[in-house]
Amino acid sequence: MTQLSNTDHPQAMPGLQAELSEPIDTMYLTFPVGTELYGVSITVVTEIVGLQRIMSVPDVPHYIKGVINLRGKVIPLMDVRLRFGIPEKEYDDRTVVIVLQVNDAPVGLIVDGVNEVLDIPDDHIDRAHSFSNSEGRSLVKGLGRMDERVAILLDVSRLVEDEEIDIVDIPAARA
Amino acid sequence: MAHTMTAKVEHGSDKAAGDVLLRVSSDKIGRLMDLVGELSLSVSETINAPELAHLDLVGFEAAAHRLSMIVSEVQDAASELRLVPVAEVFRRLKRMVRELQRETGKDIRLEILGEDTAIDKLVADRLYDPLLHVVRNAADHGLEPPEEREAAGKSRTGTLTLSATQTGSEVRIQIIDDGRGLNRRKILAKARQNGLFGPTEEPDDNTLWKAIFEPGFSTADTVTTLSGRGVGMDVLNTTMDALRGRIAVTSEEGRGTTVSLHIPVSLAFLDSVILRSGTHLFCVPIDDIVEITKPGTTDKLHISAGKGAEMLWLRDRFIPVCRLEQFFVGMRKEMPALTDMVSLIFETSNGPIAVPVDEVMDRQQVVMKPLEGALTRLRASWGFALLASGEVAMVLDCQRLVIGDPA
């Protein structure tokens, strides 16, 4: 198990090391998904771990691949590709899990890999009005611009809400 | 992992230096419990590492065995930290009984047995409310007024007994009154009126008494401030579910009623059996299992007219089959024949059910984790169990498996 928390392996989060004295509210951990670059606020990131054996679990949305036992904590893992509705990719050496603490519960994001931590001040973020669906809900909080790059910043609490799954469709149990 | 929980709780009465009591926050104890759980998993992972499988390591084996023994003892010691005597809960009830005496004008003698019995602090904290309702009911409906008792040839003073005893990994708490007992006619009429039984159904006593724990059930003719609103017993039901406990009632007309609550000593560890169905691991409390059987071809029945329901013929009765693959969403599509699977028989309040699985793997003392976040939507589950192998299994609540439990 590779465990890249910022205290054990500071090099895993280069941005963080250089700017520890800075407020962390404007910092985002970025990770590529296909050709796109995404970011989550590091205030919710607890650690980054290598992929370990996933135990499948019933009754969860299809993008929850199962749970892992992370040092005695049971953590559900979300495949962000499935969550975003793009084709699955086979997991490889670069695949990692970003463990987040969202609404008092842990969740792990399975991502293709992680890039650096970027400091993106609020005035560099374009709020996303156009990504909302008809109910005004979007996984995207905004677009962060740093130099030539654009990071798609995620709204993590939306990410863990699972509005698409319609639980009413669950076939009634036949005892 | 051998794990026996002793019921000894240190008492403040001894003046010896070793018995000085310390106040420790429950967070600290929780953290210790988590760490001990992790420690035990890591040790087991190390000892069972596949790299060691075919090596001849005499010295290692001995050391590994000793290590496992120590870890198991540390686990016992850690779980004992959270144990408290039920005495405190009983003391609060004692005050309540004095108040009840004043309100009802009945003479009540309270007898307390086994107040040293130890129980998880988390359980003790949730036990008072449901117990209070049972005690109120006993005092209000169970015990008769002095004149009525005298007329029936009983002593004017009614006796209410609170008793706690430990049996194995369970604590049994009983509330015993020597009052008039439950009225079968009245309760059956009310139960039929509430649609719990058909108009001609004659349930046996034990089944019928359980009806008094259904929500909105009260046979009291008048609603008093004490009881009779039919909400109290429902609190009992809900709490017992959350604590993985069971309720049993016995009653004899004219002699009194006994309500017994069976509760696991600790919520953190669970004596259970590990099951595999396809790629999924499940875990069930060992006390829920009545029997494990591998049915032959003549023992099963498929009912196409009943949406393909299946029954198992066992010991002269048909037992409905509950397929985990049909109950849960996202499990495998194809289901092996019953004859190729092992069936577990669970006793539920709706009668026995048979749950077929591919494999019964192991009996283990597991560490329990509650459902959080995205996992709270799991139906018919108590939580997750951390297995000695480092794997995670979902703990099944057989009761909710049978009633369907719409999410």
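This report describes the fold of chains A and B in a predicted model.

Residues are numbered from 1 along each chain as its sequence is written, and chains are lettered from A and ligands numbered from 1 in the order in which they are written. Local features need pLDDT of at least 70, side-chain atom pairs count only at pLDDT 80 or more, totals for chains, interfaces and linings use all residues, and side-chain values use heavy atoms, with hydrogens and water left out.

## The two chains

Helices (H or I, at least four residues) and strands (E, at least two) are DSSP runs, numbered from the N terminus. Buried means under 20% relative accessible area, exposed over 50%, and partly exposed in between (1.4 Å probe, protein chains only). A contact means heavy atoms within 4.5 Å.

Chain A has 3 helices and 11 strands. Read from the N terminus, its elements run α-β-β-β-β-β-α-β-β-β-β-β-β-α. Chain A holds 175 residues, and 47% of them count as buried. Take the contacts in chain A with a separation of 6 or more: residues 24 or more positions apart account for 53% of them.

Chain B has 10 helices and 18 strands. Of its 407 residues, 46% are buried. Among contacts in chain B between residues at least 6 apart in sequence, 64% join residues at least 24 apart.

## The sheet of chain A

Two strands pair if DSSP finds at least two bridges between them. In chain A, 5 strands form an open sheet in the order β3-β6-β7-β5-β4, with mixed pairing. Axes are lines fitted to C-alpha atoms, for helices over the stretch in contact, and angles run from 0 to 180 degrees between N-to-C directions.

β3(A) pairs with β6(A) (residues 96-102) in the antiparallel sense. Within that pair, A:E47 stands opposite A:V99 in β6(A).

The loop between β6 and β7 (105-111) of chain A contains A:N103. A:D104 lies in that loop between β6 and β7 of chain A too. A:N103 has a positive phi of about 50° although it is not a glycine. A:D104 is not a glycine either, and its phi is positive at about 70°. A:N103 is exposed, with a relative accessible area of 57%. A:D104 is exposed as well, at 68%.

## The sheet of chain B

Chain B also has an open sheet of 5 strands, in the order β2-β4-β5-β7-β6, and the pairing is mixed. Here β2 (108-113) and β6 (246-252) of chain B are the edge strands; each pairs on one side only. On average, neighbouring strands of this sheet are turned by 15° against each other, direction ignored.

Helix α3 (residues 87-104) of chain B lies across β2, β4 (158-167) and β5 of chain B, running at about 170° to β2(B). Helix α4 (residues 121-142) of chain B lies across β2, β4, β5 and β7 of chain B, at about 20° to β5(B).

Elsewhere in chain B, β12(B) and β13(B) form a hairpin with 2 residues between them. B:R315 in the turn has a positive phi of about 50°. B:M311 stands opposite B:P320 in β13(B).

| Strand pair | Residues given | Bridges |
|---|---|---|
| β3(A) and β6(A) | β6(A): 96-102 | 5 bridges |
| β5(B) and β7(B) | 170-177 and 256-264 | 8 bridges |
| β12(B) and β13(B) | 309-314 and 317-320 | 4 bridges |

## A helix pair in chain B

Two packed helices are described by the angle between their axes and the distance between the axes. Helix α1 (residues 26-47) and helix α2 (residues 58-81) of chain B pack at about 160°, with their axes 10 Å apart. That makes α1(B) roughly antiparallel to α2(B). The labels are set by angle: under 35 degrees is roughly parallel, over 145 roughly antiparallel, 65 to 115 roughly perpendicular, and the rest oblique.

Residues of α1(B) in the contact include B:I29, B:L32, B:V36 and B:L39. Those of α2(B) include B:F60, B:A64, B:L67 and B:V71. By class, the contact of α1(B) with α2(B) has 14 nonpolar, 4 polar and no charged residues. Ala, Val, Leu, Ile, Met, Phe, Trp, Tyr, Cys and Pro count as nonpolar, Asp, Glu, Lys and Arg as charged, and the others, Gly among them, as polar.
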